[in-house]
Amino acid sequence: RQPGRRFVLPGTVVVCGLWLWLWQRVWSLGVVDDGYIFLRYARNWAEGLGPVFNAGERVEGFSSPLWTALMVPGELLFKDATGYAMAGGMISACLMVGVFVAALQRETRSWRGALLGGLVLASCPGVVYWACSGMDTSLFCLLLFASLLAAERDLARGKIRTTTAELLALLCLTRMEGLMVLGLVAVLGFRRRCSPRWLALPGLVIGAGLVARRLFFGDWLPNTFYTKATGNGWQSLVGGLRYIADAALVYAPLLGTLLLLALVYARQKRRDTASLLPWVLFSCGWLLYLVSVGGDHFAMHRFWQPLIPCLAYLASVLAFRVGKKALLALLVLASLGSFAWEVGEEGPHAMVEVENTRLWYDLGGWFGRNLPPNTLVATIPIGAIGYGSRLPILDLVGLTNVAIGREGDVDSSQRPGHRRFNSSYVLRRKPAVVYLTLGGPRLGQLVLVDGYNKALFDLLEREERYSQYRVEVNECAPGRYVHLLVRVDLPSLPDLTDTDR
């Protein structure tokens, strides 16, 4: 009934799009390596090979079926779908901010407050970085926030609508973690005596996805589950707690203000707390999930991102219900303080990831031009090298390889997703080239970061490696060098800077 309300969502999306584009240009953000994994799967799918990373190898090495399918049109329309993937992530982030502003405006009846909250959310470094990453993070955050928002209103009415069921089904197709939200809504729905008929739609979609996975990939679970859900439980727990503590320290100003708002709200003895229950339960459940899986290794706290819009919405609603402008101003300042802290702590790591991915993409093209077709290349960063080279790739940590991902050895001290290795299998496959790392111009300047490279450490220590491979150092950019293992029966490779890119 409020004038101009229908323009809130599209207007916010447009403004947020310009805002994200500005930050993308200022920070020179781009697709990260795992984003190219989705694109390589989508390219092979678009070319009629099916959703596979290597032709003829049916291994589900991607974490989001829906995002992979959404990348297929980009591969059909463009020779290089990098920009398409970035646009998809940015549109998802813009829609999330638009839904956030529209929901906050409906809750608070304040245009200024809602727009201010949307601007603060769109300024979150994690939101900006992952929107441009080419990964499914922004889409998952959008569907998760919209699902919880829809569920909150449906639970208040005592009936869960078809629209909410559709959102939850899409959420589960985006990432397996969506099942957590589906279960939460189901429990709260039973508690409010909602009819369970709405579960038929997400159940049908999830069941169809499982059958399709079983028929095509031959398993009920994706290969990524086996590579990431491995290792000693105690070490994973410690890693998860460390990850939570690190992220909580960065977001301490925001979390502290949220706690203060909750205490003031409780002292007012308000009774309108039922609408806050889904947000609180999800936040607690998600933190427990992060602890159980051992956290994540990406910059800008990727696994923390689904919490950001939820915590921001919860804090904003509490601030407006408390009715004290000083606390609202404190919330804005605390959010900006957390964001500035995150840029300082995580910004350098994030920029290195983007820069390295661009070099890996160029390196992949270099492999494609200087190696015969169907030459096997072994590497840990498989995305950009695989997408740029179009050559068969042997994934040393097993995300796209069953023999390593399910049957390889496990080092629980490594970061999630980097714990599997199988050097004997790699040497039997005899890849032509093994990518080691980017480093200095001499062999002595080969530096492998612990926590990510157990597969390479173990391979380099094998005695048979010395008889099969030699080490080469090639210039890949001014002042940057790539360290490789090249099979002894192959000629030396030229420097990347000596060939046309």
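## Ground rules

A residue is called buried when its relative accessible area is under 20%, exposed when it is over 50%, and partly exposed in between (1.4 Å probe, protein chains only). This is a predicted model, where local features need pLDDT of at least 70 and side-chain atom pairs count only at pLDDT 80 or more, while totals for chains, interfaces and linings use all residues. Residues are numbered from 1 along each chain as its sequence is written, and side-chain values use heavy atoms, leaving out hydrogens and water.

## Leucine 210

Let's start with leucine 210, which is part of helix H10 (residues 200–217). Helices are DSSP runs of H or I with at least four residues, strands are runs of E with at least two, and both are numbered from the N terminus. Leucine 210 counts as partly exposed because its relative accessible area is 30%.

## An enclosed helix

Now find helix H7, residues 137–157. The expected span of a helix is 1.5 Å times one less than its number of residues. For the 21 residues of H7 that gives 30 Å, which agrees with the 30 Å between its end C-alpha atoms. Of these 21 residues, 18 are buried, so H7 is largely enclosed by the rest of the structure.

## A buried threonine

Strand S1 (residues 377–379) includes threonine 379. With a relative accessible area of 0%, threonine 379 is buried. Leaving aside residues up to four places away in sequence, threonine 379 touches Ile385, Ile393, Leu394, Asp395, Leu396 and Tyr435; contact means heavy atoms within 4.5 Å.

## Aromatic rings

The structure holds 24 aromatic pairs. Rings of Phe, Tyr and Trp (its six-membered ring) pair if their centres lie within 6.5 Å; planes under 30 degrees apart are stacked, over 60 edge-to-face, and the rest tilted. Tyrosine 41 and phenylalanine 62 make an edge-to-face pair, 4.8 Å centre to centre with 80° between the planes. This pair links distant parts of the chain, 21 residues apart: tyrosine 41 sits in helix H2 (residues 33–46) and phenylalanine 62 in the loop between H2 and helix H3 (65–77).

Tryptophan 286 and tyrosine 289 share helix H14 (residues 277–293), three residues apart, about one turn of the helix. Their ring centres are 5.1 Å apart and their planes at 45°, so this pair is tilted. Tryptophan 286 is buried at 2% relative accessible area, and tyrosine 289 counts as buried at 18%.
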